Amino acid sequence: MDYKVAVLGAGPGGYVAAIRAAQLGAKVCLIEKENVGGTCLNWGCIPTKSLLASAEIYSKFEEANQHGITIDNINVDLSKMVQRKDGVVKQLVNGVKFLVKKNKIDLIKGHAKFLSSKEIKVDTEKETKYISADNVIIATGTSPALPKFFGYDGKTVCSSNEGLNWNQVPKKLVVIGGGVIGCEFANLYNTLGTEVTIVELLPSILANLDEELANATLKNFKKKGIKVYTDVSAKSINKKAEGADVVLSNGETISCDKVLISIGRKTNIDDINLEYLGLKLDDKGRKILVDEHMRTNVEGVYAIGDVCSTLYDLAHVASREGIVAVENIMGKDSTMDYHAIPSCVYTHPELASVGMTEKEAKEKGYKVKLGRFNFVGNGKALSMGEPNGFIKLVVDAESDILLGAQMFGAHTTDLIAEVGVVIQNKGKCSEIVSTIHAHPTIAETVYEAAEDVYGLAIHA
Ligand code: FAD
């Protein structure tokens, strides 16, 4: 079987690359060993947000009496929430399968391994297939990192994959790792009534984000009753007949029903015969080194998404890297631009950021002006019962160019797109001010923060 492009892995990097290659006229095959949609659709973005949406409905019912609505006997049936989540995932996976078929892409279900840079062997359920391709895109993504000493068993000591499929709400949960995934799970189970403890090795949760966003989340978690240990590691997990004891580096022991390990992810590169190609990896030997065209050091071999050495492990970045790789294969000179990548965290309230933080802008030598607005001054936020939030804009004082934005509050994962467009196009803060924002909307908080850069916010 001869192809112009063979794509290994059908996550948001791989399937988007395959569709774009087909749109541009290439003969394409897409090889996937598990489910189309990859981590994002099956074990990541979509299932977590689907369960978080269910949890939010539950929390709204709990607040109903503030709105004059009395509801008795509110119960959570987690197995039904999981069923609903499975339905959402299935619908999206089928949607991707439909698109793959519509674009006449050969979808091959099986485990791919390189024989050379242009030859791939695929072990399918029935047979072994041999494929040759002029160009190969590696998009094999990641899996949860589960160090042996934690005693992962998928029942008591779990990864995020199992945390999406429990059929009973745990009474006590210890989340090891306070990054984005750990915080989203902590928020989910806390909302459903679990006593949650986060154990984080670093001095802060959400350590990769702007300090103010991380601190706002920490304060909010504490208010909700989530216990957070920072600068503390989990030394060992002792499983019991029911549940486990988690022994911490500070000498404390926490008993719980479930442990969720979310300390990071490892790239899926161990069993694809990368050594046959002589591909260069990063210093830690974990990620495939690529240039800004998504090219590896081997001609005709590209790598995209979480498996490659670029900074962001996000679905939308994987998709764009896939498009850039394909455009280069098809003769265009495309490069990746990472200066306006939005990052979102779906806790309640949500967090979002794009571009530079204040600290990064100052480190780069900018003279910075800040604009701020608190949600408590916004009519829509108050009407919705969401007064807890803020917008922070980072602006170059000399040119007025918007450099970055950090947001904490309801719907900020949607609001971030507006400032993303401005930052991507090196637009000015005054352009947000001159744009009339509908009233009453939460988007007005962005407008007011932009006005605040000039000391002119009306409702502050
Ligand atoms: P993946 O999605 O990991 O896909 C790789 C695919 O390759 C998999 O389907 C795998 O089965 C397949 N594969 C691997 N090896 C082989 C082989 N040898 N042969 C054939 N197939 C193979 N990102 C966001 O942007 N927003 C979010 O809200 C978000 N939430 C997340 C929540 C969780 C719990 C997790 C775990 C991740 C989340 N992410 C989120 C991250 C996001 O899922 C990843 O960044 C994204 O899926 C990476 O896409 P990818 O195409 O590089 O790889």
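This is a predicted model: local features need pLDDT of at least 70, side-chain atom pairs count only at pLDDT 80 or more; totals for chains, interfaces and linings use all residues.
**Exercise 1. Which strands does helix 7 lie across, and at what angle does it run to strand 22?**

Step 1. Take helix 7, residues 211-224. Helices (H or I, at least four residues) and strands (E, at least two) are DSSP runs, numbered from the N terminus.

Step 2. Find its partners. Helix 7 lies across strand 19 (351-355), strand 20, strand 21 and strand 22. Contact means heavy atoms within 4.5 Å.

Step 3. Read the angle. Helix 7 runs at about 5° to strand 22. Axes are lines fitted to C-alpha atoms, for helices over the stretch in contact; angles run from 0 to 180 degrees between N-to-C directions.

Residues are numbered from 1 along each chain as its sequence is written, and side-chain values use heavy atoms, with hydrogens and water left out.

**Exercise 2. What is the strand order of the open sheet, and which strands stand at the edges?**

Step 1. Write the order. The five strands run 18-19-22-21-20, with antiparallel pairing. Two strands pair if DSSP finds at least two bridges between them.

Step 2. Locate the edges. Strand 18 (343-345) and strand 20 (368-374) each have a single partner strand, so one side of each lacks a neighbour in the sheet.

Step 3. Inspect one pair. Six bridges join strand 21 (residues 390-396) to the antiparallel strand 22 (residues 402-408). Val 395 stands opposite Leu 402 in strand 22.

**Exercise 3. Which polar atoms lie by the ligand, and how much of the ligand does the protein bury?**

Step 1. List the polar contacts (pairs of N or O atoms within 3.5 Å). A backbone N or O atom of Lys 33 lies 3.1 Å from a ligand nitrogen. For a polar backbone atom of Ala 112, the distance to a ligand nitrogen is 3.0 Å. A side-chain N or O atom of His 316 is 3.4 Å from a ligand oxygen.

Step 2. Take the area. Alone, the ligand exposes 1,000 Å², and the protein buries 95% of that. Accessible areas come from the Shrake-Rupley method with a 1.4 Å probe.

Step 3. Classify the shell. It has 14 nonpolar, 17 polar and seven charged residues.

**Exercise 4. Where is Ala 315, and which residues does it contact?**

Step 1. Leave aside neighbours within four places in sequence. Ala 315 then contacts Pro 12, Cys 40 and Cys 45.

Step 2. Check the chain separation. Ala 315 and Gly 38 are 277 residues apart along the chain, yet their C-alpha atoms are separated by 9.9 Å.

How values were computed. A polar contact is a pair of N or O atoms within 3.5 Å; within protein, one must be able to donate a hydrogen and the other to accept it, and residues adjacent in sequence count only if both atoms are side-chain atoms. Ala, Val, Leu, Ile, Met, Phe, Trp, Tyr, Cys and Pro count as nonpolar, Asp, Glu, Lys and Arg as charged, and the others, Gly among them, as polar.
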